[in-house]
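Visitor: I would like to learn how to read a ligand site and the architecture around it. Could you take me through the features one by one?

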Amino acid sequence: MLNIKTVIAEGLSSLIESMDMEQIYNMLEIPPNDDMGDVALPCFKLSKTLKKAPAAIAEELSGKFIKSQYIDKVESLSGYLNFFVNKKEFICSVVEDVLAANDRYGSSSSGDGKTVVIDFSAPNIAKPFHVGHLRSTVIGNSLYKIFSFSGYKCVGVNHLGDWGTQFGKLIVAYKRWGDQERVKQGQIKELMSLYVKFHEEAELNPELDDEAREWFVKMERGDSEALRLWQWFKDISMEEFQRVYDVLGVSFDSYAGESFYNDKMQAVIDELETKELLKESQGARIIELEQYGMPPCIILKKDGSTLYATRDITAAIYRKNTYAFEKCIYVTGAAQSLHFQQWFKVMELMGYSWSGNLTHVPFGIVSLGGEKLSTRKGKVVLLEEILSEAIKKTTEVIEAKNPGLKDKEKVARQIGVGAVIFSDLSSNRIKDVSFSWEEVLNFDGETGPYVQYTHARTCSLIKKSGMELTGSFNAGLLTAKEEYRLVKTLYSFPGIVSQAMEELEPSIVTRYLVDLAQDFNRFYHELPVLVEDHELQAARLALVAASGITLANGLRLIGIDAPERV
Ligand code: ARG
């Protein structure tokens, strides 16, 4: 695969003896505009080592640099050495690379088969799957795809919130105010209203909280009635979650949630005791973290029951032993940052050298018209509602624009769901998002449907041409600036994938796709593809095909389908 920076770094390394190729490679930059060349070396970075002024270095190197197949002009300009690529060679190589790699274009083997555990989605049983969990699900799913595409072996874990005091609350609420038939009918919604009722009532009658804690203690001790109710709530919830995952096209390698660690926590608690990390505090067992500027990490409550952190610590050790991971990534809201900092510290104090390979990937709050979503107060937008609304709206658009479309229902689902996922992944994950129907369902502008539509346009052009794509074409005919620009964008895709992986930031791919779609559409509007001249048509079609491949690959990496017709 052509890498212009490597070509240049190679050329420079024989001229700059005091530095190796990698150092030179890392100094190279992409200039802000095309008249400054395609790649630039800021020579001030070399002044200290070479003991010369940047301008003199640039001047000297420009005289010595040996031009090659890909670089046909080198210029020195105010301390920068600017490299200009041979457009024809560049276009030819890039388009050929994309066509040859096809659905692997952008992939790499940088992960070397090492394992990454990605802990994502993790909704809480008996609570609805809301837009906050949607964020975790789509970010995690995209990271899974990006890491896999980069040569890692990924293990996607759904660390379900299926254990904890909240089940005690639910049991109390069900036993007091619940009704089997109503739960069967209302499913999660009914469970949720029981949960909400519990909180309302507990405000007036705090004894309910004690009762709830007792029920959770019973669960942890294996009480059969408690466990039977818990299992029932879990089954109801899983059914709904599964429906959402099916619509989103997301799956997991493991559903080992918090309850999975119930019988594994004692060993870890013993280990913490042996390592003398636990301390008594008002009857609870805690780990003091004051000297690290954090509140203590509570491991056992005074009634002997375990906590979220106890289960996370146990899960990390279990995963390390089971998967021998290189990295373990946790995708949750930024509100949990302190929780992760605390127990990551505990792992370090326990002496696990790999604790540095645990990474929290936080994301911003999802609010609804500026108000934080809270299950307790019942203020949630159910994800299923959002998805079905998006699909409904897409169906209306298709009915209006293209009523004869084949597989209408399937395409409406692909585009409606794509719109929701794309909007969720369009800004940096750490930014808060205010959920609004208009924005999610806006099909114009920088959206998923726009990118999907552009991809479908590439497919229909190829189909219409009736031409067989052989991979051989005359790149010398692609001389328009729109063509060159499009090729440059195609060329940057592998770098975009690795950047998104390093920064754990799927929005880098999302934004790239908007740029690519815009570059493609600019090309498409300026230059006719289906022309009389066969050779020209073949060359432009090759570019169309390369664009279609790259759009589809990028969409796949953010978990969105790329239908051929819309
Ligand atoms: N169930 C949690 C929540 O809804 C997220 C769990 C994230 N994973 C973890 N290992 N803590 O907030």
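Guide: Let us begin with polar contacts, for which one looks for pairs of N or O atoms within 3.5 Å. In this predicted model, a backbone N or O atom of Ala 122 lies 2.9 Å from a nitrogen atom of the ligand. Side chains take part as well: a polar atom of Asp 119 is placed 2.8 Å from a ligand nitrogen atom, and a polar side-chain atom of Asn 124 lies 2.7 Å from a nitrogen atom of the ligand.

Visitor: How much of the ligand's accessible area does the protein cover?

Guide: On its own the ligand has 350 Å² of accessible area, and the protein covers 90% of this.

Visitor: Which elements give two or more residues to the shell around the ligand?

Guide: They are helix H12, spanning 308–323, and strand E9, spanning 327–333. The residues around the ligand include Tyr 308, Asp 312, Tyr 330 and Thr 332, and among them are also His 133, His 159, Gln 336 and Phe 340. By residue class, the shell divides into 4 nonpolar, 5 polar and 2 charged residues.

Visitor: Into which domains is the protein divided?

Guide: The division gives domain 1 (4–85), domain 2 (115–262 + 311–372) and domain 3 (383–557), and the C-alpha centres of domain 1 and domain 2 lie 52 Å apart. From the unreviewed UniProt entry comes the feature "domain: Arginyl tRNA synthetase N-terminal", placed at residues 2–85. Over residues 2–85 the chain is 42% helix and 20% strand, and its end C-alpha atoms are 12 Å apart.

Visitor: How many aromatic pairs are there, with ring centres within 6.5 Å as the rule?

Guide: The count comes to 29 aromatic pairs. One of these joins Phe 90 and Tyr 491 in an edge-to-face arrangement, with 5.1 Å centre to centre and 65° between the planes.

Visitor: Why does this pair tie together parts that are 401 residues apart in sequence?

Guide: Because Phe 90 lies in helix H5 (residues 87–101) and Tyr 491 in helix H18 (residues 481–491), the pair links parts separated by 401 residues in sequence.

Definitions and conventions. Residues numbered from 1 in each chain as written. Predicted model: local features only at pLDDT ≥ 70, side-chain atom pairs only at ≥ 80, totals over all residues. Heavy atoms only, no water. Near = heavy atom within 4 Å. Polar contact = N/O pair within 3.5 Å; in protein donor to acceptor, adjacent residues only side chain to side chain. Areas by Shrake-Rupley, 256 points an atom, 1.4 Å probe, with all protein chains shown as cover. Helix = DSSP H or I, 4+ residues; strand = E, 2+ residues; numbered from the N terminus. Nonpolar A, V, L, I, M, F, W, Y, C, P; charged D, E, K, R; others polar. Domains from an automatic or database assignment. UniProt positions renumbered as here; feature names shortened; annotations may be inferred. Phe/Tyr/Trp six-rings, centres within 6.5 Å; stacked < 30°, edge-to-face > 60°.
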